[in-house]
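Take a first walk through this structure with the sequence at hand. The tour starts at a single residue and widens from there.

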Amino acid sequence: MSLYAKSLIHLDAPVLPDKYDISNVTIIQTSNGTIVEDHIFLNTVAAQILSGIFVWSALLLTCHQIYTHLRSYTVPNEQRYIIRILFIVPIYAFDSWLSLLFISNDQYYVYFDSIRDCYEAFVIYNFLSLSFEYLGGESAIMTEIREKPIQSSCLYGTCCLVGRSYSIGFLRFCKQATLQFCVVKPIMAVITIILQAFGKYHDGDFNVNGGYLYITIIYNFSVSLSLYALFLFFFATSDLLRPYEPVLKFLTIKSVIFLSFWQGMILAILERCGVIPNALVIDGHKVGAGTVAAGWQNFIICIEMFFAAIALRYAFTCTVYQEKKNQVPENLPQMQSISSGLKETINPGDMVQDAIHNFSPAYQQYTQQSTQEVNHSSTNGKVATGNRSSRKSDKIMLITSDDEF
């Protein structure tokens with residue numbers, strides 16, 4: 001690499017000439033290196049209003065859907081995960097809108113986006129857990145797939161598993177792969193904030209002396225492992241999950257999480273290549289490299305979340321739970337039932353319990369069976385409602401399993 005090319009990689013915001021009074025102006029650096037006073041669409045009132053319309057429309061659609069699920073909170077073990085998944089729209093949309101509103105301070109968007117990125121890992125875990133609940137839990141799944149040979153498929157990445165059969169170790173791997181992403185992503189978010197504070201992190205900067213390259217590599221490995229586990233699970237249980245339309249649910253969540261990541265990376269690279277202008281000053285405030293690319297990412301996400309809210313409305317419909325609610329009399333007043341359901345939804349205790357069960361060596365050869373499964377068999381398939389029954393469904397039984405993966 002020539003010295004000239006190397007200097008381009010290390011180039012940050014250059015020193016502005018004395019003739020520039022940067023108060024309340026926007027200064028950008030063009031692709032040929034020229035510094036000019038100009039404006040960008042992202043910090044205009046039009047951009048803020050347009051993105052705000054899409055954001056608040058998405059919030060209204062999703063919050064109404066969450067409220068509908070809470071009103072018909074008849075199957076807590078499933079709806080708990082559905083509501084958590086639905087919260088991705090308000091968090092993504094409002095977070096991105098705030099980042100856009102404060103675009104002139106390049107520190108704020110890193111903090112806002114870190115919150116958004118941490119929640120996406122939580123959504124992947126909840127989606128896999130929801131699939132487990134659809135099929136009745138670990139014990140029910142093992143009853144269906146135990147000892148069945150794993151088919152070889154290059155598409156699903158099972159070529160290296162020829163000759164093996166499904167076991168409790170297979171389910172354990174799927175859960176562990178998604179749970180590790182829930183740990184890695186927050187750690188990477190904290191490291192990103194620290195590096196940003198010391199000027200060592202810039203979006204799209206693949207310089208080996210910066211943090212973006214290494215964080216991107218670690219993130220891609222972690223998210224790829226998590227995605228691979230999801231593919232393996234659906235490959236093993238596709239026939240069992242078919243009544244629950246898993247493809248629509250999976251594609252919707254994948255589009256929100258994975259496509260948004262690659263979208264942000266492409267925008268950051270385009271800014272580094274000069275296709276997107278690099279802003280040095282926005283509204284009189286000096287900003288760092290990658291701010292404009294992150295701004296366009298947040299603006300696009302604001303619009304995309306409106307369509308994501310519509311897709312999630314069809315993917316996680318509340319109709320079946322409303323029908324079950326009409327079959328069983330109310331046990332609690334409406335508002336008390338809603339608040340109890342919301343409290344149970346935001347309680348991460350089940351995730352902590354699941355992490356202990358899947359990573360502790362003492363539980364490696366046990367499958368979980370919820371008391372709700374036992375209640376189903378003793379009540380002729382009727383689903384109990386109300387907060388009291390939801391507490392019972394949180395208890396689990398451990399069943400010995402001697403097979404290994």
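Thr62 touches Leu86, Val89, Pro90 and Ala309, leaving aside residues up to four places away in sequence. This is a predicted model, so every contact named here is a contact in that model. Thr62 sits in helix H2. Its relative accessibility is 1%. Buried means under 20%, so Thr62 counts as buried.

Helix H2 spans residues 45-71. Among the elements of the protein, H2 has the highest mean pLDDT, at 93. Helix H1, residues 3-9, has the lowest, at 37.

Now step back to the whole chain. The protein has 15 helices and six strands. It counts 405 residues, and 50% of them are buried. The exposed surface comes to about 19500 Å². Carbon and sulfur atoms supply 63% of that surface.

The mean pLDDT of the protein is 76. A value of 70 or more is reached by 75% of the residues. Over residues 371-395, pLDDT stays under 50. The model still gives that stretch 42 contacts beyond four places in sequence. Residues 401-405 also have pLDDT below 50. Here the model has 21 contacts beyond near neighbours in sequence.

Helix H6 is the next stop. It covers residues 138-145. Which of its residues are buried? They are Glu138, Ser139, Ile141, Met142 and Ile145. Look down the axis of H6: these buried residues fall within an arc of 160°, so they line one face of the helix. After H6 comes Glu147. The phi of Glu147 is positive, near 70°.

Last, the cysteines. A disulfide is a covalent bond between the sulfur atoms of two cysteines. How many disulfides does the structure hold? It holds zero. Cys118 shows the spacing: its nearest cysteine sulfur belongs to Cys182 and is 10.0 Å away. A disulfide needs the two sulfur atoms within 2.5 Å, so Cys118 is in no disulfide. Is Cys118 buried or partly exposed? With a relative accessible area of 26%, Cys118 is partly exposed. Cys318, in turn, has a relative accessibility of 7% and counts as buried.

Note on methods:
Residues are numbered from 1 along each chain as its sequence is written. This is a predicted model: local features need pLDDT of at least 70, side-chain atom pairs count only at pLDDT 80 or more; totals for chains, interfaces and linings use all residues. Side-chain values use heavy atoms; hydrogens and water are left out. Helices (H or I, at least four residues) and strands (E, at least two) are DSSP runs, numbered from the N terminus. Buried means under 20% relative accessible area, exposed over 50%, partly exposed in between (1.4 Å probe, protein chains only). Accessible areas come from the Shrake-Rupley method with a 1.4 Å probe; for residues, only the protein chains shown count as cover. pLDDT is the predictor's confidence in each residue, from 0 to 100. Contact means heavy atoms within 4.5 Å. The arc is that of the directions from the helix axis to the C-beta atoms.
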